[in-house]
Amino acid sequence: MAILTGFRSMFVASCLFMPSLLLALEPLTNDDLDAVHGQGGVYLTGEFTINKDGGPLWYAEPGPGQFDDFGGAKQQRNCGSSANPKECGLRVAYQLNEGWLVLDDVTGGFAFEGLTLRTSYIATDEKGDAFDKEVVEIGLPKQVRSNEFRYTLATSSSGTWVNNADSRILSVRQDGTINMQGNLLLFPVEVP
Amino acid sequence: MHTQRWISFGGVLLVSASSQAMMLLDDESMASVTGQSGLVVDTQSLGVTAGRVSFIEDGQELYLEGVAVQPVDGQSTMNTVSTVQVDADGRLQLEIAAAARRFAINEIKMAGSPHSFGRVFGQYRYDSKLHIKGTNDGRFDLSGSELDLQVDRLFWRDNGLDWIIDDLRTFVGLDHAIMSFDDNRLNLDLGTEQNRGLRLIYQVGGVGLDATHVSQGELGMNTPLSDSFGDLYLNLQAYGSVGLKAGGASGEGLTFLPALTLINDDDATPAFRYTDDGNLLLARNFSGTYSSESGFTLDLVNNEADPYMDIRFADFDFAFNLEDLVLGGTDPNANTIGSLGGEFHFRNDPINQRFNYLQLRPGGDVGMQNKGITADVSWNLVSDPYDDNEGFARPGQMNTFVSVIDDGNYVLFNGFNSHGSGRVTLDMTSMNDPIVGNQGTRSVYASDYDGHFDGLRMGFRNIRGSYSFSGVTVGRSEAEARESALMGGTELLLSLEVFPAYDFVLNGHMTIRPGNVIGGGQGITWNTDLFVTEANAALTVDENGKGVWLTDTNYDMHTRDGSLNITEDGLRLGKGLTWSTLNIGDIKFGDKETGESLGSFTLQRLEDGSSVSVASGGAGQVCIGGSGSDASSCAASGGRFEDRGEQGLTVKVNAKFVQAGSDVSRYAGKANRFTWTQTNGTSVSLDNFSTSDGAGDPTSNEYGMNADLAIDVAPTRVLDQNGDRVKVDGQDPLGFAVLGRVHFKQLNIDNLTLTGSGAGATPQTLVSGLVIQNANIVTNLTATPIR
């Protein structure tokens with residue numbers, strides 16, 4: 001089932017991964033803005049999170065969180081230390097010739113207030129040449145707050161989790177504020 | 001005096017009626033009658049039969065064959081007590097109490113057609129009061145009249161199989177009703193809001209099935225139904241007027257002109273209640289208006305050898321509002337999803353040849369014996385184009401919409417337009433019945449299964465339809481929401497496979513039968529084979545029709561043993577075993593006709609045990625950008641706390657994707673895969689994706705992939721691109737808030753392949769195994785309009 005969970009943004013977010021879409025990130029000048037015919041559109045305020053409150057497969061320590069949404073038992077896996085247990089994040093395992101490359105314990109979130117989303121018609125591009133396209137325009141919010149975003153890169157002998165079998169390559173954690181400006185325009189282009 | 005009379009137009013035979021002697025009173029006797037105590041007549045009738053009862057209009061005959069009213073089993077007569085009296089104010093009162101009796105209509109047919117609507121029979125009783133008094137201006141006051149009709153059991157027999165309705169009760173009471181005649185029109189004045197004219201109660205105790213000749217007749221009138229739909233209760237008052245006019249759409253016929261308000265503002269009594277094993281779907285405080293300027297016409301049309309009943313309406317408006325909708329659980333005061341409302345405007349559009357009609361023909365689908373019902377339907381539901389006089393798009397004056405009121409805030413799904421036409425057939429069918437059963441020549445789990453299922457089969461033939469929304473608006477009142485800027489939001493229905501705009505041709509069937517296929521009890525079970533062709537579906541579209549379109553699309557969907565139930569938690573749609581293939585010829589960006597192409601797309605799905613459930617309650621209290629269960633702990637973690645109230649709606653989609661290659665025979669030939677082919681011929685395929693429960697038994701697939709949506713209308717904090725606060729009338733703007741959560745234990749993808757565009761290109765494997773585990777991804781977004 002296509003899990004399309006509402007709002008144009010979610011479809012657009014999936015479009016970001018489509019290779020035939022040209023993504024142009026340029027601040028629009030006033031003249032450019034004059035050429036944009038907005039059709040309604042929305043401000044989006046909120047957040048995007050991955051495993052903010054743990055996941056359905058693993059629990060860090062015994063307690064109410066050891067059961068999933070339907071009352072089934074989870075397995076225990078602690079992504080913190082025994083002194084400071086931490087719920088595990090999402091795990092993506094990609095099979096190589098021998099073994100698996102694992103992006104493990106992906107958690108955290110991004111919050112923003114006032115991302116804009118609308119469909120627009122742009123008559124000319126930044127060089128003044130005819131452009132003549134309908135675009136999905138994502139107006140970036142000025143600030144995006146990163147909230148304990150972290151992941152670990154590892155290798156594994158199995159696609160599914162095996163206790164302590166991972167060989168960790170690196171771990172990343174990101175906090176703070178990201179400044180963003182301008183618009184993201186999405187539109188299809190001819191593929192040669 | 002025996003008062004049974006049949007109004008008959010053809011040859012009618014009355015037999016076995018009781019006979020009573022009636023003596024003339026002389027003047028002296030008359031003088032001694034003071035009239036206060038009235039006349040009581042107690043009759044014991046042997047029954048009434050009529051060979052044929054006909055209604056003829058414009059030369060076309062609709063007739064009932066083999067009509068009989070007879071005593072119930074074990075009795076030789078049926079009792080009727082009639083009381084006639086005249087009040088001191090001159091009001092005639094005729095009261096009839098009719099004890100239980102059987103009735104049967106062997107065939108309902110139309111002259112010129114070899115088919116029949118089927119046989120109807122059952123057992124009923126009634127109490128009626130006819131109060132009538134002349135007024136000084138030539139009208140009749142019917143106030144005080146009542147009818148309380150109770151049908152113990154009603155059978156509709158089609159092709160020898162029975163659809164059974166139990167404990168059907170209809171009560172109609174006229175508290176204020178003035179009947180008058182004006183030219184060729186009869187009017188019934190039913191009072192005002194303060195002086196409501198009509199009370200209506202409608203109840204159905206259960207709906208069952210006897211889908212085999214083997215047990216035909218064994219059920220009788222008293223044996224409890226083994227499987228049943230839940231029970232239904234309606235309680236409404238009405239005021240306004242109704243008119244009846246001679247003459248239909250052409251020639252003879254009948255025209256019905258409603259200008260009615262239906263209302264129930266009694267907190268203690270629900271307007272609507274459906275109970276499934278004790279769990280409730282209940283509506284309180286309902287009001288709805290129904291009106292048609294030109295009226296509903298009824299004609300019998302003689303179209304050579306294909307006669308039909310023709311019901312038409314050139315215009316029809318109805319609007320409704322209910323203040324409290326309870327979904328799930330047994331407590332009528334819990335689980336409310338808030339208030340609902342809406343307006344619906346039907347109009348004929350002769351320029352575009354879009355009309356509103358229902359044409360009923362005797363006989364069902366082709367190849368379904370001689371009996372059943374065929375309905376040719378056509379509809380045109382309209383909204384005015386959006387209004388941009390204020391510099392932004394807002395809903396037009398005539399607006400077909402549905403509104404949801406969540407903790408006092410309004411969200412409107414606006415500008416609904418829909419038109420279409422096609423044929424719907426109703427037949428009783430059976431898979432294994434020795435006489436009319438059809439097991440088909442192919443497996444019941446094949447996409448081209450050609451047999452039948454047990455139950456009432458609704459056949460769809462070339463239903464060519466189209467619909468669109470212009471967008472969502474929000475407001476702190478309905479008036480504010482109607483004046484607000486249109487924005488996206490109808491896309492949230494995509495997870496229920498309802499598109500913001502859709503053109504389609506539908507064929508296939510849905511067969512429903514009573515009872516809960518999962519665990520027994522009450523409920524509805526269904527099987528479907530549906531084929532959508534020539535479809536254009538919008539994934540996202542603005543009020544000008546620009547967006548992302550799936551064009552030239554074919555979609556076939558199959559479900560085995562799906563179910564619909566009200567549960568402790570809400571409404572649950574079980575999808576049973578379901579498989580489908582979606583072929584999108586061209587994904588277009590911009591306009592659906594002229595937009596630029598993203599290529600084609602094919603999606604095959606195989607799910608077993610998936611479900612969609614709808615429950616009351618939205619997101620409640622949320623901490624955005626941080627964590628914490630209250631405002632202070634949320635703020636301490638750097639987050640922003642929002643309380644979206646107790647009302648709202650939660651939709652949960654649970655999909656259990658099945659691993660292909662299983663040796664389970666009913667999965668044979670089906671899979672989960674998608675392929676995207678770009679315009680240059682290069683394609684990307686994702687093959688054999690499935691869900692499972694992670695470590696342990698690899699075949700365990702109970703958790704599935706889940707998409708939970710909590711939907712609210714709530715104010716939120718918005719910053720513009722300069723970082724300045726956006727305010728509307730000094731307050732944070734109101735938005736349409738959707739908390740979407742995708743969670744699964746494990747998703748497996750066997751292969752991701754890339755195939756070049758050349759004729760001899762072979763697929764190159766990019767990924768030969770991808771596993772995603774422990775996912776719990778949340779998007780918590782509130783959309784507010786940009787003006």
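Residues are numbered from 1 along each chain as its sequence is written, and chains are lettered from A in the order in which they are written. Because the model is predicted, local features need pLDDT of at least 70 and side-chain atom pairs count only at pLDDT 80 or more, while totals for chains, interfaces and linings use all residues; side-chain values use heavy atoms, with hydrogens and water left out.

## The interface of chain B and chain A

Contact, defined as heavy atoms within 4.5 Å, involves 87 residues from chain B and 75 residues from chain A. The two chains bury about 6800 Å² between them, and 58% of this lies on carbon and sulfur atoms. Buried area is the accessible area (1.4 Å probe) that two parts lose on being put together, summed over both. On the side of chain B, the residues that lose the most area to chain A are Gln721(B), Asn774(B) and Ile786(B), together 12% of what that side buries.

Five salt bridges are found across this interface, a salt bridge being a side-chain nitrogen of Lys or Arg within 4 Å of a carboxyl oxygen of Asp or Glu. Glu113(A) forms a salt bridge with Arg717(B), and their closest N and O atoms are 2.8 Å apart.

Strand E45 (residues 770–785) of chain B gives the most to the side of chain B that touches chain A, with 16 residues. Strands (E, at least two residues) are DSSP runs, numbered from the N terminus. Strand E2 (residues 42–50) of chain A runs antiparallel to E45(B), and nine bridges join them; two strands pair if DSSP finds at least two bridges between them. Within this pairing, Glu47(A) stands opposite Asn780(B).

## Domains within each chain

Domain bounds come from an automatic or database domain assignment. For chain A, this gives domain 1 (7–54 + 89–183) and domain 2 (55–88). Chain B is divided into domain 1 (39–382 + 417–467) and domain 2 (599–787), whose C-alpha centres lie 43 Å apart.

| Domain pair | Buried area | Share on carbon and sulfur atoms |
|---|---|---|
| Domain 1 and domain 2 of chain A | about 780 Å² | 51% |
| Domain 1 and domain 2 of chain B | about 610 Å² | 58% |

In chain A, 13 residues of domain 1 are in contact with eight residues of domain 2. One salt bridge is found across this interface. Asp104(A) forms a salt bridge with Arg77(A), with the closest N and O atoms 2.5 Å apart.

In chain B, six residues of domain 1 are in contact with nine residues of domain 2. Leu327(B), Ile337(B) and Tyr445(B) lose the most area in domain 1 to domain 2, together 70% of what that side buries. The count between these two domains is zero salt bridges and two residue pairs in polar contact.

Terms used. Helix = DSSP H or I, 4+ residues; strand = E, 2+ residues; numbered from the N terminus. Polar contact = N/O pair within 3.5 Å; in protein donor to acceptor, adjacent residues only side chain to side chain.
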